[in-house]
Amino acid sequence: MPYYRRFDQPAPDPALLARLTEQQREMQERVIIQKPDFDLKLIAGCDSSFVGEDHILSVFVLLSYPELEVLEKVWHYGEVELPYVPGFLSFREAPNLLRAYEKLQQKPDLIMVDGHGISHPRRLGIATHLGLQLNKPTMGVAKKVLVGKYKEPDTLKGSLSPLEHKGELVGNVLRTKDNVKPVFISPGHLMDLESATKIAMACTTKYKLPEPTRLADHYAAVFKSEVR
């Protein structure tokens, strides 16, 4: 999926674009895709929502695993530090997400992000970006495809098909409920696709989205009403 410049935005500053491109290239080199080395007891879901053109609200919800009991929910509302630059959205989201993360009393073993990991044009979606910043296992669960080709998985819950981009397996297209649209699972950092897919399925109850990101999305809407 190509990126298009929004008509209401000026062209990005060339110096800023060069700096972000170099930073992204350096981050790409540090991404590690591997079977996670943890005893998964605490899992967090996170999501961000832009409020107007220049503010953002980010939410973390911490749950026990495998019980999926909500232990904490925190949020941070702040100004966006970067202008909109196509292809670099994670740089706009990450600073505020990190401030929300700091408010958690307990830190998760794994972060499930509402967005993409390596299933991104330059393998650096928000889940990967966040994992690198925190040096923490992360995975992405997205509602829509960003890059790659796939065949529609079978209509039954648990069915999946590979998501491939430029000859690389970057994600799985997973049916979490019978006859509903699939979600797009990708490893972020310090995580592999097989583990991410199993955990996403284990965290899915009666809804389409796994509980960590479903609840983060829910509370983002709740908390958003408090700042308006």
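**Labels and their cut-offs**

Author: I199 touches F38, L40, I43, Y65, L110, M112, M139 and M191, with residues up to four places away in sequence not counted. Contact here means heavy atoms within 4.5 Å. The model is predicted: local features need pLDDT of at least 70, side-chain atom pairs count only at pLDDT 80 or more, and totals for chains, interfaces and linings use all residues. Residues are numbered from 1 along each chain as its sequence is written, and side-chain values use heavy atoms, with hydrogens and water left out.

Reader: Why is Y219 called buried?

Author: Its relative accessibility is 17%. Buried means under 20% relative accessible area, exposed over 50%, partly exposed in between (1.4 Å probe, protein chains only). So Y219 counts as buried. Y219 touches V59, V61 and K73, leaving out residues up to four places away in sequence.

Reader: What makes V183 count as buried?

Author: Its value is 0% relative accessibility, so V183 counts as buried. Beyond four places in sequence, its contacts include V141, V173 and L209. The C-alpha atoms of V183 and L209 are separated by 7.6 Å, although the two are 26 residues apart along the chain.

Reader: Where do Y219 and V183 lie?

Author: Y219 is in helix α5 (residues 211-227). V183 is in strand β8 (residues 183-189). Helices (H or I, at least four residues) and strands (E, at least two) are DSSP runs, numbered from the N terminus.

Reader: What makes a set of residues a nonpolar core?

Author: Its members are buried Ala, Val, Leu, Ile, Met, Phe, Trp, Tyr and Cys residues joined through side-chain atoms within 4.5 Å. The largest such core has 27 residues, and I43, M139, I185 and I199 have the most contacts inside it. Helix α5 gives the most to this core, with five residues. A second, separate core of 17 residues includes L97, L104, I111 and A127.

Reader: Which strands form the open sheet, and in what order?

Author: Eight strands form it, in the order β3-β2-β1-β4-β5-β8-β7-β6, with mixed pairing. The edge strands β3 (70-79) and β6 (160-165) each pair on one side only.

Reader: How do you know that β7 and β8 pair?

Author: Two strands pair if DSSP finds at least two bridges between them. Three bridges join β7 (residues 168-174) to β8, so the pair meets that cut-off. These two strands run antiparallel. V173 stands opposite F184 in β8.
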